[in-house]
Amino acid sequence: MTTQKTNRRPESTAATARQRRGASRRSTRNGPRALPQIILVGLLSIGGLAMVLPFVWMVTTSLSRQSNSAMPRTPTFWPPDLSLFNYEVASSSLPIERFYLNSFVVVGLTTVGYLFCSALTGYAFAKGRFPGKSFFFIAFLSTLLLPFETRMIPLYDLMSTLNWNNTYWALIMPFLAGGFGTFLMRQHISGLPDELIHAARIEGAGEFTIFLRIVLPLCKPALASLAIINIIWRWNDLLWPLLVTTERDMYTVTQGLAMSGRSSGIHTGVALATATLAILPVMIIYLVLQRQIIRGIAMSGMKG
Amino acid sequence: MHSSLLRTLVTSTLMVGLAACGGADTGSGGSGADRDSAPPVKVLMIGYPDEDGIDAVTGAKTPGIQQLQAAFDKANPDITMEIISIPWGEGATGYAPKTEAMIKANEACLYEMPAAPAYGKRGLLVNLDTMIAKDPAFTNVWGEQALDAARSWGPDNAKSLFYLPNNTGIRVINWDAKLFKDWGVEPLSAKPTLQEIESKAARMTGKNPVTGEQNYGYWYQGKYAVWQFMAIAHAMGADWGSIKADGKLEINWNTPGYLQAMEWFVRMSTYAPKGALATEGMPQGFVTDKNTVAIIPEGEQSYFLPQLIAQPDLRERFRTSYNLKGPDGRGGLNSASPLAMAASCPNKDQAWTVLKWLAGSPEAQAYYFDSIGRLPVVEGSEKIVTPVAGLPDGAIVLDQARTADATYPWAAEQPRFALQAQLEAAIAGKVTPSQALEQAQKETDEWLARQ
Amino acid sequence: MARQAMRTRKPVRSADTQERGSAGHRTVITGASGGFRRAAVWYVFVLPPFALLVLFVCLPTAQTFLQSLYREVGPDQQQFVGVDQFTKLGTTGVFWDALINTVLLGIAFLALVIPLAAVLAAMLNHVRRGATALKVIYFLPQLTSSVAVALIFLYVFQPDWGLLNGFLHVLGIEDVPLWLAEPSFGLTGSRAAVTILAVWTGLGYFILVFLAGIQSIPVELYEAAAVDGANPFQLWRYITLPGLRPTIIFLVMTGAFDAMARFSDLWTLGGPGGSPARTLQSIVMLMYQVGFVSHDVNQAAAIAVVFFLIMLALTVVAYRAFLSREFKARS
């Protein structure tokens, strides 16, 4: 819904946003008693603190060796015995860099494939006219309704049949096409003016050329948000990697975290050190790309 | 335009064709090809460290699973074994879905399999008695009693041996001698009765007369409380039921014996920290000088062995008694880890050699202890794990493995979860013990009816 | 006055729809003149991804549907039993418990997170400096995997030494909640704990969507109302809130889907049985437990089918409430 609104006038979004910001400022000023900024920011910061504190506590606890056998009764944000021991334990038992490599390969290839398939079908459903179009579109949409758990065992059997277990194939192939991406791209491409495509057709361009040269470049914002969503989905997926990869060298980061986090559950410090190792790089990427990520989420109205 | 159309068509046809061919493949000639080329014997093992690591408390080195592989290769140069190592995990991360999926896909030959009796019942495992019968070189290092305890109902034989015990966790009663001394309470006896535990736990709950800290007389592992409950009930002489001749289970929770046991448990839970219900392990600070819990029935000794071995000064403080024993002299969860062979295994003879080595050889037994503190189930184990034998209560620890309760065939099934859920509700005071047992029985009956 | 402003909005929207409709009409003409080859091209675009969906989504799911009509009677032996698995399900108390639980947890989550996020988003909309930083911070938990978050909260909720109760101690509260150690519907029990976890995790996302909703309300409406002397509360009540209606419907619907499929965080905290006392067992968890722990694949398939039907019903509701208008405008 939000997508549609933004896309109707893509060229004027920035201008409108600026206008709006000005307007909201004006309206607060014109109101009888505008809420003072300091109270607003203060209240919101208290909430923000609640968001951040568990993470801070995770990091500080992970720096205490004592927390493996005896957690302090009163939570502390400064470990009494600051050391990297828990990280030594965590990294000695897990090839965490290998997990990262696997996650990057799997998430990267899945995302590229997923974007391509989604844009291709999205274009067909938005601008194409062919018999059975609604059937195919409904078919794509209905797959949104089929929860992963429902098909897990038959799908695992299929992977074994194809001999894909413990390969990247099993982690990538089932996730290349999906109803959600198709739907999102269709919504976006529908918003593109028909005149552009029409003009290209008159000039004799084939549909695939139009797709590559005209549609794809205009889809950048939608593709970016779809990419973000897909990256979050795939990065956090756990169930499937655990089923199809039995070899440690094929584990993803999330899988590695789950594996060690639970097995070292009684050792709070090590468990939280492992969690930190799995979360921290993602957080750094998030902080670097925060603007794009947040815009992407707000645009598509979808989270991971 | 045309070429890309063609390419896409070809690709998609290939995709579908590939799947269809793959499907036909395993249907017909899969096993025939396997026999010719003698594939590696694949073994699913659960919960061993993947790499050499460091113990999180003591800092001691722990050997990774590849050391077990290396030891095997050295002892059996003619056989290729391949270990698939997965963590216990839980739920999505758990071994159970993995095992189910793997056995359906004929992924491995040997399985470390907590639910072996259930898989055996479904006809998916080899009755190892048939392997023993064919094997003149077989020596029973586990003891006839242990193998007999392992036998369960199978479609071909009502007393089938579906696994060999691989290694075992030890469920004992852990207690803190210092707290006993602070409170002026007589130390716990080696084979304590329920009455002794109740009166001593009650006396040690409150402000410690020496340190002034809040002490708790009792502890239970919230999410695994069902095992402590079973130990208590067994000690009271209660009996869960039996396997009938046709392999069907008969389970009775709703009996006076279990009611008495649950009432006792609920009473004792008031001497434990309130948060115990949410925990899945031992109390924070046990085997450190910050401990505040006096008695842990059904305690998991494996957690503490590395610390007790590494820190001799703690050995006199943190002591071990036998788990609760019933009239038959047995008691405490049998946490032997079953190693089973899939009926679909193409090279059973080689797999049998691997199975015997993993479950019975001193090298393998030593590895299990060094890596995760699990103990041998073979006779003469004190010679394999000498550091344990050297502890003040080492003899009790090793002997507990041989006197645990018989395994529960429903241990990984609905009856356990029904009972656990109701036990939690009873401890939390949401239902009375009799309501809890009634409901657990109802859910168990529903499950039994589906068998 | 503000109501009048609302009314002026409608004609704008329908004019918009008309414009789009006529654009679509033009395509029809062009497409028809392109002939059959033009239509064939679209199949090339659609069929390969469609084949992937059939292979990896539809067929395995269909297999599950089939399994729900059978019963395992022996190794690799299945017996057709019709709807037996479903009638058995209907009489299983555990199934109803899990279903009710899932729905209750979903309602509690949405009832908390939507007003909270709406208010926070409205506040955030007025922040002149630091709004981006606040957005980033509120969205942080959503970006962390649910495995990691649940792992952290396992310790945050520890009654004896966890972060949350430690904080309550500092505030002077002596009788601290037991959270995951108390199976209850109360405000201090296990269900409350996982609801707090869900709100903590999801809040940032809900705020972002609300912000986008607030910012898509035409500025002119506020200007007109402000000229007429509406106060901020009236602006919120008569312009912002009605303007957010589609946003709220969207969030309730997507939130309902997520809530029905809730799984990994509850499982990480509650174990296979959704402990304590099965208070955290969701329908997907039960499906999982029956299929993989109790090894009754056919019964699990039946649960999967019921689950599918519930999701289908939700979609129909969502379609009626929200999507139908959009589809009509587009096709």
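A residue counts as buried if 20 or more other C-beta atoms, placed from the backbone, lie within 10 Å of its own, as exposed if 12 or fewer do, and as partly exposed in between. This is a predicted model, where local features need pLDDT of at least 70 and side-chain atom pairs count only at pLDDT 80 or more, while totals for chains, interfaces and linings use all residues. Residues are numbered from 1 along each chain as its sequence is written, with chains lettered from A in the order in which they are written.

After helix 7 comes A:Asn163, with a positive phi near 60°.

| Domain of chain B | Residues |
|---|---|
| domain 1 | 38-169 + 335-379 |
| domain 2 | 171-333 + 408-450 |

Their centres, taken over C-alpha atoms, sit 28 Å apart. Domain 1 of chain B puts 17 residues into the contact and domain 2 of chain B puts in 15, where contact means C-beta atoms, placed from the backbone, within 7 Å. On the domain 1 side, helix 5 (residues 116-121) of chain B gives the largest share, 3 residues.

As for chain C, buried residues make up 49% of its 331 residues.

Definitions and conventions: Helices (H or I, at least four residues) and strands (E, at least two) are DSSP runs, numbered from the N terminus. Domain bounds come from an automatic or database domain assignment. Two residues are in contact if their C-beta atoms, placed from the backbone, lie within 7 Å.
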